Amino acid sequence: MFRVRYMNKLLLVLVLALFTAGCSEETSRVASDTPLEPAPDFNLTLLEGGDFKLSNHRGKPVVVNFFASWCVPCGAESPVLDQVYQDYKSDGVAFVGVAVNDTEAKALEFIERYGITFPAGLDDTGEIKDAFGVYGMPTTYFIDGNGMISYLHAGGVTERLMEHEIDKMLDSGADHET
Amino acid sequence: MGWFTALWGGFSSFFSIWQVCILQISPFFLAYLVGIRLIDDRKRGEWQELLSCAAYAIGFSVIYALLSSRGIDAGRVLLSHINGLRIAAGVVIGLISLHLIFGHSLSINGRLLRSIVYGGCALLLGLSFAVIYSPCVTPTYAKILQIGIDPQTAKQGAFLAWIYGLGMALSFSFVGMLLVLSLRYLSEKYRSVLRNICGAFLGVLALMNITGVMVYYKAFFLGFLV
């Protein structure tokens, strides 16, 4: 009898632990002190037509988000990304989504499903992903006006983290101008 | 972050929503384990499968740790050659699939020789699976990656990623061993058929990686589940 009760409790703890492991919304807030390194330049064909060339956006911060339509946390972070894009586009901050390990049709479907309004394209050869050294998804790069990687975040982003990193880039840009 | 958090993060991901992402490799590992059980059908214990699980865990976790640590030179080199490595991994998986299909006709005598062959295959499979895998970044894994980015903490990040990878392999092995044990109840007449199906399953994975069709598996099959 004692053994059955003990086993039931153990099972309950295990189930709860597994459940919470899948539902945690905690994200990393570790600030990297890694020295800045230049972001590799790329030219991405956008799904809505046209191109996005990173070097054409020199002088303004750029947020590059690597995602895939089948990636669970990518869908979860999309509303945050789009909200921050809406908040900062008047400040000249450019956003671009880079779909990797994906098809054009599925990437488009993903963009429509989550109502993403910033430009996005498909990295069908994986060249951009490899140049940036992306392994897991989602991964977001914050590139300052000088084309240097200011910060990179692996995993789903939060609004607070994005605002902090973009404000940091905008402030450093303003310091350079003055 | 402590090692137990990393281990638990990797282990529990198999049984959570993150399984959708792990489906890139998990069914193929299970097919491998079932396949090698059925290759050599003489009455014996499960030591061969346990050895395979251990070798797979070592191979998978080491490469997974390196790929997760941008702050380590070896990790950067691997990441920059990942496309070529995926094709090489496809070839290795293809050879292992042939071993599953035709391996029963090769008589590997002696426990030591069999251990080397099966352990070696599982080690190579682990290395290959870490290369072809495109992980979704779970909250625990995000913290590990963040630690691995900074060259000053990269070694700690690599260690935690290794433990996380071991946790994943442990969960694969746990489910795989349950499947292997359940094969005791499988009728003799279905055993060779099932072994060939497992081999063919791995063969499909190999072809998908060599030809680049793996993208469609991810986009359509995994995408269907999200």
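Which side chains meet in a salt bridge at 3.4 Å, N to O? The legends below start with that pair. This is a predicted model, in which local features need pLDDT of at least 70 and side-chain atom pairs count only at pLDDT 80 or more, while totals for chains, interfaces and linings use all residues. Residues are numbered from 1 along each chain as its sequence is written, chains are lettered from A and ligands numbered from 1 in the order in which they are written, and side-chain values use heavy atoms, with hydrogens and water left out.

**View 1. A salt bridge between E37(A) and R76(B).** The two side chains meet at 3.4 Å, N to O. This pair crosses between chains: E37(A) sits in strand β1 (residues 37-38) of chain A, and R76(B) sits in helix α5 (residues 73-80) of chain B. A salt bridge is a side-chain nitrogen of Lys or Arg within 4 Å of a carboxyl oxygen of Asp or Glu. Helices (H or I, at least four residues) and strands (E, at least two) are DSSP runs, numbered from the N terminus. E37(A) is partly exposed, at 24% relative accessible area. R76(B) is partly exposed too, at 36%. Buried means under 20% relative accessible area, exposed over 50%, and partly exposed in between (1.4 Å probe, protein chains only). Over all chains, the structure holds nine salt bridges.

**View 2. A salt bridge between D130(A) and K129(A).** Their closest N and O atoms are 3.2 Å apart. Are these residues buried or exposed? D130(A) counts as buried, with 14% relative accessibility. K129(A) is buried as well, at 4%.

**View 3. R37(B) and E49(B) in a salt bridge.** The closest N and O atoms lie 3.2 Å apart. The pair links distant parts of the chain, 12 residues apart: R37(B) is in helix α3 (residues 26-39) of chain B, and E49(B) is in helix α4 (residues 47-67) of chain B. Both R37(B) and E49(B) are buried. Salt bridges link R37(B), E46(B), E49(B) and R184(B) in a network.

View 4. F15(B) and F174(B) pair edge-to-face, 6.5 Å centre to centre, with 75° between the planes. F15(B) lies in the loop between α1 (3-13) and α2 (19-22) of chain B and F174(B) in helix α9 (residues 154-182) of chain B, so the pair ties together parts 159 residues apart in sequence. Rings of Phe, Tyr and Trp (its six-membered ring) pair if their centres lie within 6.5 Å; planes under 30 degrees apart count as stacked, over 60 as edge-to-face and the rest as tilted. F15(B) is partly exposed, at 33% relative accessibility. F174(B) is also partly exposed, at 46%.
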